[in-house]
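Please read the following report alongside the sequence and the model. It begins with the domains and their interface, and then turns to the chain as a whole.

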Amino acid sequence: MKYARLTKEQFEELHQEFINFLATQSITADEWEDIKKNKPEAAEQELDVFSDLVWYGVLDKVEYLEHISPNQIHLFKCKEKDMHLIALKLKENKVDLTTKDGFQWLRDNLLSDDIEFFNAKKDYSDDKHLDIFKLIQQGANITKGELFQYFEKLIKG
């Protein structure tokens with residue numbers, strides 16, 4: 001398994017897609033019940049393969065990620081060959097950026113010396129999708145990129 005097994009809730013949401021996945025392998029509902037009952041390791045393998053396919057489909061579409069912690073914000077733009085990072089770091093723990101008040105403080109004090117900006121580009125390893133997946137596992141969320149685009153304009157002037 002390359003990524004992570006989907007949760008029970010995710011499998012329930014993707015029930016029809018999983019049925020279609022089994023159908024592509026000519027596995028009927030009755031055969032699936034038999035596999036689950038008599039060949040649990042084969043059933044586990046099917047769940048893992050399906051999970052990886054779903055993750056691959058999601059990761060392939062990711063354009064932006066953001067990871068916000070109490071004193072840092074990491075914004076990623078996932079391009080074809082590399083990843084662009086914009087990071088903001090509070091020099092002192094004055095506020096918690098994960099709260100509404102903390103985020104408002106950031107907006108009001110964007111140009112103050114209390115905030116450090118970083119701008120970087122990083123090439124992917126051999127596996128772009130796995131690089132993105134690792135960031136998600138570390139707490140990054142997939143977004144539409146509004147924050148990244150806002151700070152990109154601010155940095156470029």
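The protein chain is assigned domain 1 (8–60) and domain 2 (64–156), with bounds that come from an automatic or database domain assignment. This is a predicted model, in which local features need pLDDT of at least 70 and side-chain atom pairs count only at pLDDT 80 or more, while totals for chains, interfaces and linings use all residues. Residues are numbered from 1 along each chain as its sequence is written, and side-chain values use heavy atoms, with hydrogens and water left out.

| Item | Value |
|---|---|
| Separation of the domain centres, over C-alpha atoms | 35 Å |
| Area buried between domain 1 and domain 2 | about 490 Å² |
| Share of that area on carbon and sulfur atoms | 80% |

Of the area that domain 1 buries against domain 2, 80% is supplied by W55, Y56 and L59, more than any other three residues give; buried area here is the accessible area (1.4 Å probe) that two parts lose on being put together, summed over both. Five residues of domain 1 are in contact with five residues of domain 2, where contact means heavy atoms within 4.5 Å. Between the two domains there are zero salt bridges, a salt bridge being a side-chain nitrogen of Lys or Arg within 4 Å of a carboxyl oxygen of Asp or Glu.

Turning to the whole chain, seven helices and five strands are found, counted as DSSP runs (helices H or I, at least four residues; strands E, at least two) and numbered from the N terminus. From the N terminus on, these elements follow the order α-α-α-α-β-β-β-α-β-α-β-α. The C-alpha trace spans about 65 × 35 × 20 Å along its principal axes.

The count of salt bridges comes to seven, and one of them joins the side chains of K2 and D127 at 2.5 Å, N to O. This pair links distant parts of the chain, 125 residues apart, since K2 lies in the segment before α1 (8–13) and D127 in the loop between β4 (115–123) and α6 (128–137).
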